[in-house]
Amino acid sequence: MFDKTYRQRLETDLAQWEADGVIAPAAAASIRNALPPLSPGINIAVVVAIVGGLLIAAAFLAFVAAHWTEIARLLRFAILLAGMIVAGGLGAWFAATGRIVLADLCASIGAIIFGAGIALVGQMYHLGDDFAGGMLLWSIGAFAAALLTGSRGALAVGLAAACIWTCMRVYDAPDALHLQFAVLWLIAAAVAFAWNSRVAAHLVAIAVLPWWIATSLRYDFDAAQPTFVLANGAALLFGAGLAIAAAPSPRALRLGSVLAAYGAFSLAVVAFLEVTTVVDLFRFRTGTAPAQPLWAILCGIAGVMLALASAGITRRPGEVLAACAIGLVLLAAPLWPAGRTGDPWFAYAALLCAMLCLVVSGVLDDVRPRIVAGWLGIAGVIAAITWAVKGSLLRRSAFLAVTGVVAVAFATALNRALPRATR
């Protein structure tokens, strides 16, 4: 909340309120004194120092790589160990002197060198050929560094390694859910909550997407539609984000709002993919039934219920519409007909209504990510319907015309109802 942009806007508002006589100068001074000091940003000197450090690190790695085969095994290991020690020592010194960004960079470099050390030991001593296990070990070490130092960069390294680990495990065992990643992800989410860091929240939100994508693609394409599985994941992420943000805690609000934003964009992308994959713009399945695994369906239902629970707690009408948007995207799966002779008009209508609900939800709650996601979803769905391979283009134009008239009529009724509702 107390970032630089907010403080600049607040300072402008305080000056305007003083000039208009809304508040007394003493009150404005009290507000300014109550604000905590701004955290030091990244200035030019810090940027140059980061570039210089990266160049030195690159030169060191290039030199070692050029003479790698000539260096003894123990000396190789000692070099990497010394790299971790130097990175940690420099990070501690930067942290003690208040240069937090450089300290975070050193912790990140140390986490990367730790991963290189794992690969080196496995290569030199011909350890077990379990690359995924090595990624897990790297992820655990990076998480430990993040917990000890508070480094967002080390957390990013740990999550990246964990994503590679889970994708490999899903590929190796396509018949079983890789729920171990969910445990690791929940730990990372708890860390982001404890840190009250928006950067960490973004990292956690991004990290869950590869697991859902890999999990949806692991199914036999003749048995399930991957897009519908992704829809349930987007629903759970969106609904869970809204529910977390509804908790009476600034930490929960920060984490939940970020998760909900990613869930809204994921929902818009899924709405576009549902059209493009089923109408053969991109062919992923040849079966006739839009089958979904039971656990995915339950995740989608949980997303809708969490969004409704959040609306009940916050009393925000926009969150009710957000729950409707989630439900309509999920409803598009059973609305798709078993045959492929015609166009699924009801599914098209459900997806368009879902994206419209998402836009209106963002407008009512004044949440810009939902508005942007909804508009992108509307544009994507309309484009996919218009340029679909199957069906008559004349029928599609008639369908779009009818939906446009319905939308205009709905807007007219809403415009007449809003003034009465606000009295």
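A salt bridge here is a side-chain nitrogen of Lys or Arg within 4 Å of a carboxyl oxygen of Asp or Glu. By this rule the count comes to one salt bridge: aspartate 365 pairs with arginine 370, and their closest N and O atoms are 2.9 Å apart.

A word on the model: it is predicted, so local features need pLDDT of at least 70 and side-chain atom pairs count only at pLDDT 80 or more, while totals for chains, interfaces and linings use all residues. Residues are numbered from 1 along each chain as its sequence is written, and side-chain values use heavy atoms, leaving out hydrogens and water.

How covered are the residues named here? Buried means under 20% relative accessible area, exposed over 50%, and partly exposed in between (1.4 Å probe, protein chains only).

| Residue | Relative accessible area | Class |
|---|---|---|
| Aspartate 365 | 10% | buried |
| Arginine 370 | 5% | buried |
| Leucine 308 | 40% | partly exposed |

Leucine 308 sits in helix α12; helices (H or I, at least four residues) and strands (E, at least two) are DSSP runs, numbered from the N terminus. Leu308 also belongs to a nonpolar surface patch with Leu294, Ile297, Leu298, Ile301, Met305 and Val320, together about 640 Å² of accessible area. Such a patch takes residues with over 30% relative accessible area and no salt bridge, nonpolar side chains (Val, Leu, Ile, Met, Phe, Trp, Tyr) being joined within 5 Å and like charges within 9 Å. Helix α12, residues 294–314, gives the most, with six residues.

Over the whole protein chain there are 16 helices and zero strands, and 39% of the 423 residues count as buried.

Terms used. Accessible areas come from the Shrake-Rupley method with a 1.4 Å probe; for residues, only the protein chains shown count as cover.
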